[in-house]
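Subject: Structure for you to look at

Hello,

Here is the structure I said I would pass on.

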Amino acid sequence: MSAPRNPRPARPARAVQRGNTLLTVLVLLLVMTLLALASLRIGSLEERMTANLFDRSLAFQATEAALREGEALALSLSSPPAAGDKCIKGVCGRPPYTLNPDNGFDALFKANARAAAPLADNALAVPKADDVRFLVVHQGVAEVTHGCSSILGANGWPRDPLCLADVYHVEARYQAEGRASVALHSRVLVPASASTSL
């Protein structure tokens, strides 16, 4: 007679759940990988945005330095160039014609602007000296104080020696291929000579 066989023992419930645990861990690992990739992409985008902001800031500073150089040049002029004279070294007389508002000043700027002095500590913003340029254009004579030219002295000129001023339009631009571009402009009033009239 043979010994009775023992029935096969039942599997514990824990053994059945091992596959589910593996699947859950794989899904969590996939989610964490996607989150890590998204944060890397956001970090890369923020780094590029910061670099562009830095580049634009340096370009603005270089353009502002060129604008100040143009203003100093306008203030140092002893007399304005005659109307219609050719531009010389970045200084133009009052144009004898009306500039086309769309591209007239741009054409004048491109043809006659003067390269600004390079900034020694700003090589990132100004890779080439010609990228930063300025132009000074005489726009005529104006009263500094309204009506001051009607009060004349004994010599027939305005009584106030600072009544009339030569008006200069100063524009500076930074334009480089594939980088930030900046344009700034200002008006400079220079006391006119006593013989100047409106």
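L23 lies in helix α2, which covers residues 18-76. Please keep in mind that this is a predicted model. With a relative accessibility of 54%, L23 counts as exposed, because the cut-off for that class is over 50%. L23 is also one of the members of a nonpolar surface patch, together with V27, V31 and L35. The accessible area of these four side by side comes to about 370 Å².

Now the charged pairs. Side chains of opposite charge can pair when their charged atoms come close. The model has 4 salt bridges.

One of them joins R68 and E64, with 3.3 Å from N to O. Both residues sit in helix α2, 4 residues apart, so about one helical turn separates them. R68 is partly exposed at 41% relative accessibility, and E64 is partly exposed at 29%.

Another salt bridge links D106 and R173, where the closest N and O atoms are 2.7 Å apart. D106 belongs to helix α3 (residues 104-112) and R173 to strand β4 (residues 164-174), so this pair ties together parts that are 67 residues apart in sequence. D106 is partly exposed, at 30% relative accessible area, whereas R173 is buried, at 8%.

R173 also meets E171 in a salt bridge, at 2.9 Å from N to O. E171 counts as buried, with 9% relative accessibility.

Regards

Definitions and conventions. Residues are numbered from 1 along each chain as its sequence is written. This is a predicted model: local features need pLDDT of at least 70, side-chain atom pairs count only at pLDDT 80 or more; totals for chains, interfaces and linings use all residues. Side-chain values use heavy atoms; hydrogens and water are left out. Patches are made of residues with over 30% relative accessible area and no salt bridge: like charges are joined within 9 Å, nonpolar side chains (Val, Leu, Ile, Met, Phe, Trp, Tyr) within 5 Å. Accessible areas come from the Shrake-Rupley method with a 1.4 Å probe; for residues, only the protein chains shown count as cover. A salt bridge is a side-chain nitrogen of Lys or Arg within 4 Å of a carboxyl oxygen of Asp or Glu. Helices (H or I, at least four residues) and strands (E, at least two) are DSSP runs, numbered from the N terminus. Buried means under 20% relative accessible area, exposed over 50%, partly exposed in between (1.4 Å probe, protein chains only).
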